[in-house]
Amino acid sequence: MSKELSMGRRNIGAIQDNRPKNKEDMEFAKIVNTINLKLWDMSLVGKPKTVPELQERIQKFFSIYAEYGINPTVEGLAIALDYDRRSLFEINRGTFKPEFMDIIKKTKDMIANYDATFAQNRQTKFRCLYIPF
């Protein structure tokens with residue numbers, strides 16, 4: 001990192017170089033970008049209007065992540081359903097689209113279970129642990 005990018009004695013606030021550092025990181029970045037593009041394509045259809053449509057989209061969401069062996073995320077779910085995370089939170093609480101509440105809750109539980117299972121088995125390669133909600 002060049003000197004002109006750093007700020008202060010400890011580089012607090014400095015612009016960080018987040019580019020992939022090795023071949024493994026580059027491959028992971030390509031996988032994540034591919035997944036994001038597929039999720040984006042799903043969102044172009046618009047928000048699901050019926051429960052069966054929601055279920056179909058969620059199944060496709062999980063199959064995309066399974067295809068690449070990457071943990072699904074709540075953020076990815078929001079993209080795939082063409083909602084933001086706040087809207088998913090409101091659906092989860094039952095204050096918005098209450099007919100979707102049980103399905104969204106179960107989906108978020110599945111995502112959390114996936115993370116917990118991998119964490120317990122130390123299967124954390126290519127992953128970041130996070131609190132899903």
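**Entry 1: terms and ground rules**

I count as a salt bridge a side-chain nitrogen of Lys or Arg within 4 Å of a carboxyl oxygen of Asp or Glu. I note that this is a predicted model, in which local features need pLDDT of at least 70 and side-chain atom pairs count only at pLDDT 80 or more, while totals for chains, interfaces and linings use all residues. Residues are numbered from 1 along each chain as its sequence is written, and side-chain values use heavy atoms, with hydrogens and water left out.

**Entry 2: salt bridges**

I looked up the salt bridges and found that the structure holds seven. One of them joins E90 and R86, with N and O 2.9 Å apart, and both residues lie in helix 4, four residues apart, about one turn of the helix. I take helices as DSSP runs (H or I, at least four residues), numbered from the N terminus.

E90 counts as buried at 17% relative accessibility, whereas R86 is exposed, with a relative accessible area of 52%.

**Entry 3: helix 2**

The buried residues of helix 2 are L54, R57, I58, F61, F62, I64 and Y65. They cover an arc of only 150° around the axis (taken from the directions from the helix axis to the C-beta atoms), which puts them on the same side of helix 2. The face turned away from that buried side carries the exposed residues P52, E56, Q59, A66 and E67.

**Entry 4: aromatic rings**

I count rings of Phe, Tyr and Trp (its six-membered ring) as a pair if their centres lie within 6.5 Å, with planes under 30 degrees apart stacked, over 60 edge-to-face and the rest tilted. The structure holds three aromatic pairs. The ring centres of F61 and F62 are 5.1 Å apart and their planes stand at 65°, so I record this pair as edge-to-face. I close with the note that F61, F62 and Y65 form one aromatic cluster.

Key:
Buried means under 20% relative accessible area, exposed over 50%, partly exposed in between (1.4 Å probe, protein chains only). Helices (H or I, at least four residues) and strands (E, at least two) are DSSP runs, numbered from the N terminus.
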